[in-house]
Amino acid sequence: MYKRLWRRATMERRERRRRRERLGRREGLGKRARGENLRNEEKQGNRPQQEGGPWPSQHQDGNMKRAAAQLIEKYYFQLTDGCGNSQCDNPNCASSGKVGPLSSNEAAGKALQLFAARARLCEVVGAKVPRPSQSLTLSSGVSTASVQGHSSCTGSTATCSVVRDVNMACASTPTTPLPPLSPQGDGVSTPGLTEETLSLTITECRSSNNYAKLRRLLWAVFSNEVALRHSFLQSPESGDRSSETLVGCRSLDSPGVQSKEELRALERDLDKDLDCAEVSCVGEDAAKSFDNAEKEQDKNQCAEDTGVPPTLDIDAVRRAYASLFECPEAEFGSTLMNAIEQLLSDSLSIQLRAHRDAFTAIPNNINIFIILLESPALNTTEFIEVVMPKMCRTVSQLPEKDQALLTRHLAAWEGPRLHRLLESLHQLITIKLLTTEFTRDFTINDEDSITSATQVMKLVFYASILGGELDTPLLKDLPSEESSIETMPLHDDPFLGVSGAGKDWSSRAPPKDSLGTELGVHVLDARTPLVPFIEFYDDFLSDQLEMDRDFAYYKAGSGDKFSFLNYPFILTAATKALGLYYDNRIRMYSERRISIYQQVMEGMPANPYLKLRVRRDHIIEDALVELEMVALDNPGDLKKQMVVEFEGEQGIDEGGVSKEFFQLIVEQIFNPDYAMFCHNAETETFWFNPNCFESDAQFTLVGIVLGLAIYNNVILDVHFPPVMYKKLCSKPGTFHDLHDWNPTMYRSLLELLDYEGDDMEDVFMQTFRVGYQDVFGTSLTHDLKTDGDNILVSQTSKHEFVELYADFLLNKMVERQFRAFRSGFNMVTDDSPLANLFRPEELELLVCGSQHYDFLELMKSAEYDGGYTSETAIVQAFWELVHDMSTEDKKRLLQFTTGSARVPVGGLARLKLIIARHGPDCDRLPTAHTCFNVLLLPEYSSKEKLKDRLYKAIKYSQGFGML
C-alpha cells in the first residue's frame with residue numbers, strides 16, 4: 001500500500017518538475033532559475049512523507065550521495081581529460097598542462113582529495129558523457145545524449161535524454177559542440193559513429209592540439225553497445241555490397257527485442273533513472289510522458305522489423321581505425337581501452353547472462369564484436385591482458401548462430417592476420433597459467449579466462465578451415481549406407497553384424513560438432529587451412545593440464561565442468577594419447593570387474609584378460625584363429641587387456657611380450673607371400689590388394705590387430721599412406737590424396753588438368769576407360785562411365801575424369817577389402833573417443849609413432865638405478881656409443897630395450913629409459929626388461945668391451961626368458 005502511494009506521488013512530482021523546467025527555459029532563466037526549481041522540488045518532496053513513512057528521507061540521502069558522486073566524477077574527468085580550454089590556469093586541470101600523467105587509480109584518489117578540499121572546478125568547453133549507459137546523439141550545436149532502449153525518450157523534433165550530468169560544473173551551451181555521430185536525415189538522429197564523424201573530430205583535434213573531444217567521442221561510442229551496434233553502417237540503398245560486408249547482417253526472422261514485457265522493463269529502468277538523475281531536455285516537445293515514448297518505440301521497432309537493416313561496412317571500419325591510430329596513441333589509447341573494458345564487463349556480459357534471448361534477438365548485435373576484432377590494438381600486450389579476457393568471456397556466451405557469423409567474418413581474414421589473433425589467445429592462456437595459483441579445488445579447468453579463450457580459439461579454428469582450401473563437404477562425399485551395403489557381398493565376412501546389438505561395424509558415421517554443423521563444414525573437409533593445425537597446439541597448457549581430472553570431466557559430459565578434451569585442437573597428440581590411455585584402462589578394469597562378478601554370481605570361469613597363446617614359427621595362423629574365435633563368440637572380450645604367451649618361452653607379459661607379438665605379426669601380414677597388400681616402391685607404402693584371394697575375414701582380423709594395438713598402447717611398424725587413416729576417419733580419398741599414395745600418377749593427372757589446349761583429345765587420346773595391373777602383373781580395365789571406351793576426355797570433362805579416376809583407385813577398387821578391414825578396427829574402437837580426439841594425421845602418429853629419432857631427449861630423460869648416475873664412466877661411455885650409432889643401430893637399440901623400434905607420440909623423452917647396474921665387470925651381454933624400459937648393464941672395464949657386448953646384444957636379440 002505504501003509503495004503504491006509513494007509511486008503515485010513520485011510520478012506527480014516528476015510531472016511538476018518537467019513543467020517547471022520547460023517554463024524556466026521559455027522565460028530564459030539561467031542557472032539561478034534552475035537552482036530555484038531544484039529548491040522548490042526539495043520542498044515539495046516532503047509531501048509523500050505524510051503518506052509513505054520514511055521513504056522521502058531515504059530519497060534525499062540518495063540525492064546527496066549522487067550529487068557527491070557527480071562532483072567527484074567531474075574532478076576525475078577534469079584531471080584526466082581537462083576542460084577543453086587551452087588558456088586554462090587551474091593547476092588541477094589537465095588542459096592547463098600542470099597535471100602530470102595519472103593512472104586511473106591515481107586520478108580517482110586525487111579526485112577524492114579535491115572534493116574534500118572543495119577545490120576549483122573549471123567550466124567545460126564541450127560535452128562530457130561519463131557513463132557507458134549514455135550514447136551520444138548531438139544536433140545543431142547542442143550537446144545531448146540519446147540511447148535507444150537505454151532510458152531515453154524521443155520527441156518529434158528534439159531529443160530528451162536521461163543523464164547524470166553531461167556537462168562538468170553544470171556548464172550551459174557548449175561553445176564547441178561535437179558533430180553528430182551519424183548523418184541526420186529528416187531531423188532525426190541515429191545513434192552510432194561514422195567514418196566522416198571520426199575524421200572530422202580527428203582533424204579538429206589535430207588543429208587545436210587537444211584530443212579531449214576525441215576521447216569523449218570514443219568513450220561515448222565504445223562504452224555503449226547501442227552506439228557501437230549502429231556504427232559504421234552501410235545504407236540499405238547502397239547497391240555495391242561486397243560479400244565481406246554481408247557477414248554483419250543478421251537475419252530478422254526472430255522476433256524483435258522490444259516486446260511488451262521488455263517495454264515494461266524499460267519503463268522500470270526509466271523510473272529508476274528519473275529518481276537518480278537530472279533531466280536535460282532540448283526543444284519544446286522534448287519532455288514527453290512515458291506513454292508517448294512507448295508508442296514511439298513501438299513505431300520504431302515496427303519500422304525496423306519491416307525494413308532491411310543496414311549492414312556493417314567493414315572497409316569503413318578499417319579506414320576509421322587506420323585514421324585513428326595515426327594519432328598519438330597516448331592521447332586516446334587508454335580511453336579506448338577503458339571504454340571497451342567497461343562495455344564488455346558491465347553492459348554486454350550482464351545482458352548476455354540475464355537477458356540472453358532478448359539481447360541476441362537484436363539485429364546487428366554481431367557488429368559489436370566484429371568492430372572490436374578489427375582493432376589494430378588487438379595484438380598489443382595491454383589489450384591481451386586487460387580486454388581480451390573479457391571479450392573472450394562475452395563471445396563464449398553468444399549463441400552458436402552468432403558465433404557462426406563471427407567465424408565467417410574471421411574466415412575472410414588473411415592467414416597471417418588470423419595467425420596473430422591465434423598467437424594473442426595463446427599468449428593470454430600462457431599469462432593466466434603463469435600468474436594464477438592453482439590448487440586442488442581450483443584447477444585450470446576452473447579458470448574462466450583460459451576456458452573462454454579456448455572457446456574463442458574454436459572459432460579461429462573453424463575460420464582457418466573455412467578460409468583455406470576445402471575438399472568436397474564430408475556429408476555429401478560419403479556414400480549412403482544403403483548403397484554401400486547393397487554393393488558389398490555380406491556372406492564373405494562372418495564378422496559383419498556379430499555384435500549382440502546388431503551393429504554394422506563397417507559403416508560408422510563420423511562425429512559431428514554443433515558449430516561445424518551450423519557452418520556446414522567438418523574438420524575432415526580441410527585440405528589446406530589458413531593456419532596449420534599444428535599452430536593451434538598449446539604445449540604449455542598441455543604440459544600443465546591434469547589429464548586425469550580433465551578426462552573425468554569429459555566422461556561426465558555435464559556442462560558444470562569444462563573439459564579441454566572437448567576442444568582437442570588445442571592439445572598436443574601426446575596429451576590426447578594420455579586421455580585415450582585412461583579411457584582404454586578404464587574399459588579394461590570394467591571388463592575385469594564384470595568377469596569377477598560373473599564368476600561369483602553365476603559360477604562362470606574367471607576370464608579377466610584376452611589371452612593369446614601362440615607359436616613363434618606359426619604366429620599368423622595361431623593369432624588369427626584365436627582372434628577369430630573371440631570375435632565370433634564374444635566381441636566384447638576384445639576390450640579386455642591382452643596378454644600374450646609364446647609357447648616354450650618363460651616370459652611374463654607385462655607389456656613387452658605384447659610389443660614383440662605385434663611386431664612379428666605385422667611383419668607376417670605384410671609379407672608378399674600372403675599377397676594381402678601391394679607394395680609401392682616409390683613411396684615405400686602398402687595398399688590393399690584388390691585381387692587378393694584371401695577372404696574378407698582375413699582383412700577383418702587385420703583391422704582387429706590394428707585396433708588392439710591402439711587399445712593396448714602399442715606402436716606398430718606399419719607403412720600405410722595417409723589416405724588410409726583418412727578413410728578410417730570416414731573421409732573417402734580424393735584426387736589430392738594421390739600425391740602421397742602414387743606421386744607418379746598424381747603428376748600425370750595434374751599435367752592433364754594443367755593442359756589448356758583445344759586439341760586435348762588428339763594430344764592425350766585418353767578415354768573414360770582406364771587400365772591397371774594386379775599384383776600378379778595381369779592387365780585389367782575399368783570403365784569410369786558407361787561405354788567409357790568411346791568417350792574421350794576433353795577440356796570440359798577433364799575434371800570429371802580426374803575425380804572419377806581417383807575415386808576408383810582409392811575407394812571403389814578396394815571397397816570390399818577396406819570395408820572388412822574397417823569393420824575389424826571398429827570392433828575394438830567403437831566406444832572409444834578416438835574419432836573425436838584425433839585427426840587423420842594424428843591417428844597415423846598414434847599408430848606408427850614419430851619418425852624423429854632424437855636420442856639427446858632420451859639421454860636427458862633417462863633415469864639410473866643400482867648405483868649408476870649420469871656421471872658414471874660406463875654410463876658416459878654408453879651414451880657416446882649411442883650417439884655414434886647409425887640410424888638402423890639406434891632402432892635396434894630401441895627394439896632391444898623397449899620392445900619397439902618406433903618413437904612414441906611426444907618423442908623419446910616419454911620413454912623414460914632406466915639404466916641399472918647389473919653387477920661388476922663380466923662377459924655377460926646386456927639384458928633388458930622391455931615391459932618397463934629397463935636396460936641391465938654390467939659395469940664393463942672398458943669402452944671397447946662395452947661396445948662389443950652391446951652390439952652383439954642388439955643384433956641377436958630375440959625371445960624371452962626368466963632372469
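Tyr 597 lies in helix H24, which covers residues 573-602; helices (H or I, at least four residues) and strands (E, at least two) are DSSP runs, numbered from the N terminus. Together with Ile 596, Val 600 and Met 601, Tyr 597 makes a nonpolar surface patch of about 450 Å². Patches are made of residues with over 30% relative accessible area and no salt bridge, like charges being joined within 9 Å and nonpolar side chains (Val, Leu, Ile, Met, Phe, Trp, Tyr) within 5 Å. Accessible areas come from the Shrake-Rupley method with a 1.4 Å probe, and for residues only the protein chains shown count as cover.

This is a predicted model, in which local features need pLDDT of at least 70 and side-chain atom pairs count only at pLDDT 80 or more, while totals for chains, interfaces and linings use all residues. Residues are numbered from 1 along each chain as its sequence is written, and side-chain values use heavy atoms, with hydrogens and water left out.

## Sheet and hairpin

An open sheet of four strands has the order E14-E15-E17-E16, with mixed pairing; two strands pair if DSSP finds at least two bridges between them. Strand E14 (863-865) and strand E16 (927-929) stand at the edges with a single partner strand each, so one side of each is left without a neighbour in the sheet. Neighbouring strands of this sheet are turned by 25° against each other on average, direction ignored, where axes are lines fitted to C-alpha atoms, for helices over the stretch in contact, and angles run from 0 to 180 degrees between N-to-C directions. E14 and strand E15 (residues 914-917) run parallel and are joined by three bridges, and Glu 863 has Ile 914 in E15 as its bridge partner.

Strand E10 (residues 677-680) pairs with strand E11 (residues 685-688) in the antiparallel sense over four bridges, with His 679 opposite Phe 686 in E11. The two strands, E10 and E11, form a hairpin with four residues between them, and Glu 684 in the turn has a positive phi of about 55°.

Helix H14 (residues 366-373) is largely enclosed by the rest of the structure, because eight of its eight residues are buried; buried means under 20% relative accessible area, exposed over 50%, and partly exposed in between (1.4 Å probe, protein chains only). Among these buried residues are Asn 367, Phe 369 and Leu 373.

Phe 232 is a residue other than glycine with a positive phi, near 55°, and it is found in the loop between helix H8 (225-229) and strand E3 (233-234). Phe 232 is buried, with a relative accessible area of 6%. Asp 787 also has a positive phi near 55° without being glycine; it sits in the loop between strand E13 (779-783) and helix H32 (798-812), and with a relative accessible area of 45% Asp 787 is partly exposed.

## Cysteines

The count of disulfides, a disulfide being a pair of cysteine sulfur atoms within 2.5 Å, comes to zero. Cys 122 is in no disulfide, and its nearest cysteine sulfur, that of Cys 88, is 3.5 Å away; Cys 122 counts as buried at 6% relative accessibility. For Cys 205, likewise in no disulfide, the nearest cysteine sulfur is that of Cys 327, 7.6 Å away, and Cys 205 is buried with a relative accessible area of 1%.

## Salt bridges

The structure holds 43 salt bridges, each being a side-chain nitrogen of Lys or Arg within 4 Å of a carboxyl oxygen of Asp or Glu. In one of them Arg 769 pairs with Asp 783, the closest N and O atoms being 2.6 Å apart. Arg 769 lies in strand E12 (residues 769-773) and Asp 783 in strand E13, so the pair ties together parts that are 14 residues apart in sequence. Arg 769 is partly exposed at 34%, and Asp 783 counts as partly exposed at 27%.

Within helix H38 (residues 887-898), Arg 892 and Asp 889 are three residues apart, which separates them by about one helical turn, and their side chains meet in a salt bridge (2.6 Å, N to O). Arg 892 counts as partly exposed at 37% relative accessibility, whereas Asp 889 counts as buried at 16%. Asp 948 and Lys 952 also meet in a salt bridge (3.6 Å, N to O), and they belong to a network of salt bridges that links Asp 921, Asp 923, Lys 945, Asp 948, Arg 949 and Lys 952.
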